[in-house]
Amino acid sequence: MRYQFMTAALAVTTALPFAGPAAATDLEVTHWWTSGGEAAAVAEFAKAFDATGNHWVDGAIAGSGGTARPIMISRITGGDPMGATQFNHGRQAEELVQAGLMRDLTELATRDKWAEIVQPKSLLDGCTLDGKIYCVPVNIHSWQWLWLSNAAFEKAGVPVPKNWNEYVAAAPALEKAGIIPLAVGGQPWQASGAFDVLLTAVGGTDAFLKVYRDKDAEFAAGPEVAKVFKAADDARKMAKNTNVQDWNQATNLVISGKAGGQIMGDWAQGEFQVAGQTAGKDYTCLPGLGLNEVIATGGDAFYFPLLQDAEKSKAQEALAKTLLDPKTQVAFNLKKGSLPVRGDIDLKAANDCMKKGLEILAKGSVMPWTDQLLSQDTQKQKEDLFSEFFAKPDMTVEEAQKRFAEIVASAD
Amino acid sequence: MSKSERPNQLFRNLNAKVASIPMVLTALVIFVGGSAWTVLYSFTNSKLLPRLNFVGLDQYYRLWSTPRWLVSIENLLVYGVLSLVFSLVIGFILAALLDQKIRFEDTFRTIFLYPFALSFIVTGLVWQWLLNPEFGIQGVVRGLGWESFSFDPLYNSDIVIYGILIAALWQGTGLIMCLMLAGLRGIDEDIWKAARVDGIPTLKTYLFIIIPMMRPVFITALVIIAAGIVKVYDLVVAQTSGGPGIASEVPAKYVYDYMFFAQNLGQGFAASTMMLLSVVVVIVPWAYLEFGGKKRG
């Protein structure tokens, strides 16, 4: 008897260290950060959150936002919510918030003065619905970047272009050297995003806002947007030999010099970093395609589903605090290649490209992005159109523009 | 015996009837109820969450003016007709060949049936690599010296649906072959003997005697294949995700994408109602012919 009791006691004491501190609360956090650079970045969050005495249970969902969001949403609507989840702030979680499934963070936000620390202000607007705050922005991601492989241009014997027009002019030389001029992966959002970037760069910020914010279908069918479609046609011809699906595979083509460049958001930077490349030396980045230097304040944010469990609710608050902590912000954003949401922190270690981004941010050249302006329904229709446009060389520019105008007309 | 002593029809086989109640309820509540609910909400403008806000046929107008839906329907028709024909023909030929009392029949049967043990996702991924121009068949043939050889169905909008068809046939014909083989084994040896005595050539015996006798097997095979066709989804997702562009989209994928990705339940429900309708259009006349005929006989 006594012996048995002893072993039981012993078993308990040996088991304890593995169970961690007694106050630790497991909080499952779902996100779609699975590429090399992204995984390294999210590990920083996990480390910081674990240091608060709680435990980050990683719920990574592979296959980018398009695959992950439906899974997250059906878990929340299906009554099996996670502790916290990533969304792009804006309208993706709008209806979940309206249905009362998300936790109102206003109290916490006022206590910690988020309104003062989060820069630019429009980020917090993306988290706000009817005056209440529902999410924590963690970074700024802008789509408007062109990534160029210096090695590819050297091989083709042309100087690295300084803007989109020079790039288009250099395309034949690249092709002759057996290099794909522009890498566009097969996932629909990539083609659609590339068009939006062209719309900002070639058409200008006002054109972008007229189409997506004011939903001006007449303007979308007009001559100014026709210019953008002409540019998209160039892009489609340059991209026709890209036989990859995922965005990071396309980025990889640029890293390895098999492709000249890629229009992709600044999350691509993490991949260059993981591959050990240096900005300016191995690759060049052109914000706004070198034509219109602006930063869209899209990005990632964490939403917290409303939970019954008091322990977990407390852990949610701890996580929200951790995400905005200056130290975590620096560590995370350096790995991720994105810009921090606070203006008061020092990013000495930032590389050339991030510094360019910070400069534009400091100048205040910011604009909202499609995640904030369009519903998911409209986004999906747009994706269908542009993935068809990029994959089908015989679809005319006029037909595509006509269909684009129809989508804008019915957009909500 | 007087009439009142006859057992009531309702209480015959009472145990069996009680035992089947859960399944009857499942069928009524989940299948019929769920379908009715879906049809009802397809007339609303539900977005992420279902809402009873009726908009008439708007979702259907939008559905039928969406190019992606039309492409999906066209793909389903091409894929459906070809996969039906080829599954039956190849399955039957393989079964007839196996039925010639060959050696190592078990081994061949296992080889042919083995792909069926793989899920569509795995099948799709395997064929995605096989049909990849750089690593797959094209790469191997070019490596052997035939430099101009070109075979990349998954990257060509015009023929991508055939690339998917190849994978589907590779996966599915084994099962059809087994069904056919069982049917062939069920044919009495005496029929063959009689046909031989009458001097009927083997091919003719198959076409005019054996196949008509195997009608139930063909119908079973038909139902299994047809069900697989309408719900084809995972194979496409694994192989092409609907690409290039929207060239290999299928209706089931449209439903999923619009319900969950585009957060537009109404549109997804309208599409799934159309799918249900197409199944009903096929099944009802067939069921009428099949089961209605028995009553007359």
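Predicted model: local features only at pLDDT ≥ 70, side-chain atom pairs only at ≥ 80, totals over all residues.

Reader: How many residues does the contact take from chain B and from chain A?

Author: Chain B puts in 20 residues and chain A 21 residues. Two residues are in contact if their C-beta atoms, placed from the backbone, lie within 7 Å. On the chain B side, helix 13 (residues 251-261) gives the most, with four residues. Helices here are DSSP runs of H or I with at least four residues, and strands are E runs of at least two, numbered from the N terminus.

Reader: What classes of residue make up the side of chain B that touches chain A?

Author: That side of chain B has 11 nonpolar, six polar and three charged residues. Ala, Val, Leu, Ile, Met, Phe, Trp, Tyr, Cys and Pro count as nonpolar, Asp, Glu, Lys and Arg as charged, and the others, Gly among them, as polar.

Reader: What domains does the assignment give chain B?

Author: Domain 1 is 1-41 and domain 2 is 57-296, with bounds from an automatic or database domain assignment. Taken over C-alpha atoms, the centres of these two domains of chain B are 34 Å apart. Their contact takes four residues from domain 1 of chain B and six residues from domain 2 of chain B.

Reader: Why are helix 4 of chain B and helix 8 of chain B called oblique to each other?

Author: Helix 4 (residues 67-98) and helix 8 (residues 160-185) of chain B pack at about 40°, with axes 7 Å apart. Angles under 35 degrees count as roughly parallel, over 145 as roughly antiparallel, 65 to 115 as roughly perpendicular and the rest as oblique. The pair in chain B is therefore oblique. Residues of this helix 4 and helix 8 contact in chain B split into 21 nonpolar, six polar and no charged.

Reader: Where does UniProt place "transmembrane region" in chain B?

Author: The unreviewed UniProt entry lists several spans of chain B, including 21-43 and 159-184; such annotations may be inferred rather than shown by experiment. In the model, residues 21-43 of chain B are 91% helix and 0% strand, and residues 159-184 of chain B are 96% helix and 0% strand.

Key. Residues numbered from 1 in each chain as written. Chains lettered and ligands numbered in written order. Axes fitted to C-alpha atoms, helices over the stretch in contact; angles between N-to-C directions.
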